[in-house]
Amino acid sequence: MKRLIFILFCLASLAQAQIPTNKREVMQQFLSGTLDESYVPAAFFMHFGKDARTGEKAIDAHLRYFLSTGMDFVKIQFEQGYGRIRIEKPEDWEQIKALPADFFAPTLEVVQGIYDIAGANAMILPTVYSPFQMLIQSVGAKTVVAYAKTEPERVKKALEYFTEALIGYVKACKKLV
């Protein structure tokens, strides 16, 4: 039922003759440079409430927002926190280790759910934070700056952990489609 409603909305919102009938085609033409110049693809982003950060509620919130705004692609918010790590002395950096293999599972579930419903008719773009942003969220900006000056190898190692985790996340997202 969700898929039927989604398809009907896409068809109704793109009834103009030169514009493709689904949002995926709009973006494919835009990326290839063949989209009618009178149409400019657009999207708007927002974070959803605490109750809509994971699972079915997150999937529903993203799709409702996509449909109500008429966006040209679904941008999935990254609502999963990394957890705060308290760094009071150099040895505390040892707390930052490789993330567990299933760390991104809640977000991947949302990506899969949205793709299953809307993937044939819209491009799905999950948010990917930088390793630096992950580190800032985990230990705080002041701590990162202070240790980058005094013990840059500790900061570098933490960034390497987060980089590997993000590479794994992006690869997992690609496998879903």
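This is a predicted model: local features need pLDDT of at least 70, side-chain atom pairs count only at pLDDT 80 or more; totals for chains, interfaces and linings use all residues.

Visitor: Which residues of α3 and α4 meet?

Guide: From α3 come Gly55, Ala58, Ile59, His62 and Leu63. From α4 come Glu109, Val110, Gly113, Ile114, Ile117 and Ala118. By class, the contact holds seven nonpolar, three polar and one charged residues.

Visitor: What makes Gly count as polar here?

Guide: The class list does: Gly is placed among the polar residues.

Visitor: How do you know that the span of α4 agrees with its 14 residues?

Guide: The expected span is 1.5 Å times one less than the number of residues. For α4 that should give 20 Å, and the end C-alpha atoms are 20 Å apart, so the two agree.

Visitor: What is the reach of α3 from its first C-alpha to its last?

Guide: α3 has 15 residues and reaches 22 Å. The expected value is 21 Å, and the reach is close to that. Just after α3, Gly70 takes a positive phi of about 70 degrees.

Visitor: Which residues are buried in α3, and which in α4?

Guide: In α3 they are Gly55, Ala58, Ile59, Ala61, His62, Leu63, Tyr65, Phe66 and Leu67. In α4 they are Thr107, Leu108, Val110, Val111, Gly113, Ile114, Ile117 and Ala118.

Visitor: Why is Gln77 called buried?

Guide: The cut-off for buried is under 20% relative accessible area. Gln77 has 8%, so Gln77 is buried. Its place is in the loop between β1 (73-76) and α4. Leaving out residues up to four places away in sequence, Gln77 touches Phe45, Met46, His47, Phe48, His62 and Thr127. One of these, His62, is also among the α3 residues that meet α4.

Visitor: What is the order of elements in the chain?

Guide: From the N terminus on, they run α-α-α-β-α-β-α-α-α. That is seven helices and two strands. Buried residues make up 40% of the 177 residues. Among contacts between residues at least 6 apart in sequence, 73% join residues at least 24 apart.

Note on methods: Residues are numbered from 1 along each chain as its sequence is written. Side-chain values use heavy atoms; hydrogens and water are left out. Contact means heavy atoms within 4.5 Å. Helices (H or I, at least four residues) and strands (E, at least two) are DSSP runs, numbered from the N terminus. Buried means under 20% relative accessible area, exposed over 50%, partly exposed in between (1.4 Å probe, protein chains only).
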